[in-house]
Amino acid sequence: MQTISVRRANELGNAARSAVESLLGRKVADEEQVTVMAFPAAPAEGEPDRQKAAQDLIEDLDNLAASASHVPDKEMEALIDEAIQHVRHRRS
């Protein structure tokens, strides 16, 4: 059974192309390649695993914040603005 499919966008039927564009949130150009992969999902984590993952994330974010605490607020705001503009520019 096939688990991966690679097609040029112009080879997709209307329904498949529409589904891909819906998932990506944008139109795809005819010359773009679309890759679809299917694989078994990992078993669902239990509540203790989710709580541990959330606690680990909070600790990582606290460490990241502490490592940037020496950066002046104006400089941090400028860096955030620059990153936002970079992301917005890439999407358009």
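## Reading salt bridges, core and surface

Mentor: Let's start with a charged pair: Lys27 and Glu21 form a salt bridge, and their closest N and O atoms are 3.8 Å apart. Keep in mind that this is a predicted model.

Trainee: Is Lys27 buried or exposed?

Mentor: Lys27 counts as exposed, at 65% relative accessibility. Glu21, on the other hand, counts as buried, at 14%. Buried means under 20% relative accessible area, so Glu21 falls on that side of the cut-off.

Trainee: How many salt bridges does a search of the whole structure find?

Mentor: The search finds six. One of them to look at next joins Arg17 and Asp30, whose closest N and O atoms are 2.8 Å apart.

Trainee: Which parts does the pair of Arg17 and Asp30 tie together?

Mentor: Arg17 lies in helix 1 (residues 14–24), while Asp30 sits in the loop between helix 1 and strand 2 (33–37), so the pair ties together parts that are 13 residues apart in sequence. Check the accessibility of both partners too: Arg17 is buried, with a relative accessible area of 18%, whereas Asp30 is partly exposed at 40%.

Trainee: And what do the side chains of Glu32 and Arg26 do?

Mentor: They meet in a salt bridge, with an N to O distance of 2.9 Å. Both ends are partly exposed: Glu32 has a relative accessible area of 26%, and Arg26 has 41%.

Trainee: Which residues do salt bridges with shared partners join into one network?

Mentor: That network consists of Arg17, Glu21, Lys27 and Asp30.

Trainee: Let's turn to the nonpolar side chains. Which residues make up the largest nonpolar core?

Mentor: A core is read as buried nonpolar residues joined through side-chain atoms. Here the largest one has five residues: Ala9, Leu12, Val20, Val28 and Val34.

Trainee: What does Val34 touch, leaving aside residues up to four places away in sequence?

Mentor: Val34 touches Ser5, Val6, Arg7, Ala9, Leu12 and Val20. Among these contacts, Ala9, Leu12 and Val20 belong to the largest nonpolar core along with Val34.

Trainee: Now the surface. Which residues make the nonpolar patch of about 420 Å²?

Mentor: Ile4, Val6, Met37 and Phe39 make that patch.

Trainee: Where is Ile4 placed?

Mentor: Ile4 is in strand 1, which covers residues 4–8. Its relative accessible area is 41%, so Ile4 is partly exposed.

Technical notes:
Residues are numbered from 1 along each chain as its sequence is written. This is a predicted model: local features need pLDDT of at least 70, side-chain atom pairs count only at pLDDT 80 or more; totals for chains, interfaces and linings use all residues. Side-chain values use heavy atoms; hydrogens and water are left out. A nonpolar core is a set of buried Ala, Val, Leu, Ile, Met, Phe, Trp, Tyr and Cys residues joined through side-chain atoms within 4.5 Å. Buried means under 20% relative accessible area, exposed over 50%, partly exposed in between (1.4 Å probe, protein chains only). Contact means heavy atoms within 4.5 Å. Patches are made of residues with over 30% relative accessible area and no salt bridge: like charges are joined within 9 Å, nonpolar side chains (Val, Leu, Ile, Met, Phe, Trp, Tyr) within 5 Å. Accessible areas come from the Shrake-Rupley method with a 1.4 Å probe; for residues, only the protein chains shown count as cover. A salt bridge is a side-chain nitrogen of Lys or Arg within 4 Å of a carboxyl oxygen of Asp or Glu. Helices (H or I, at least four residues) and strands (E, at least two) are DSSP runs, numbered from the N terminus.
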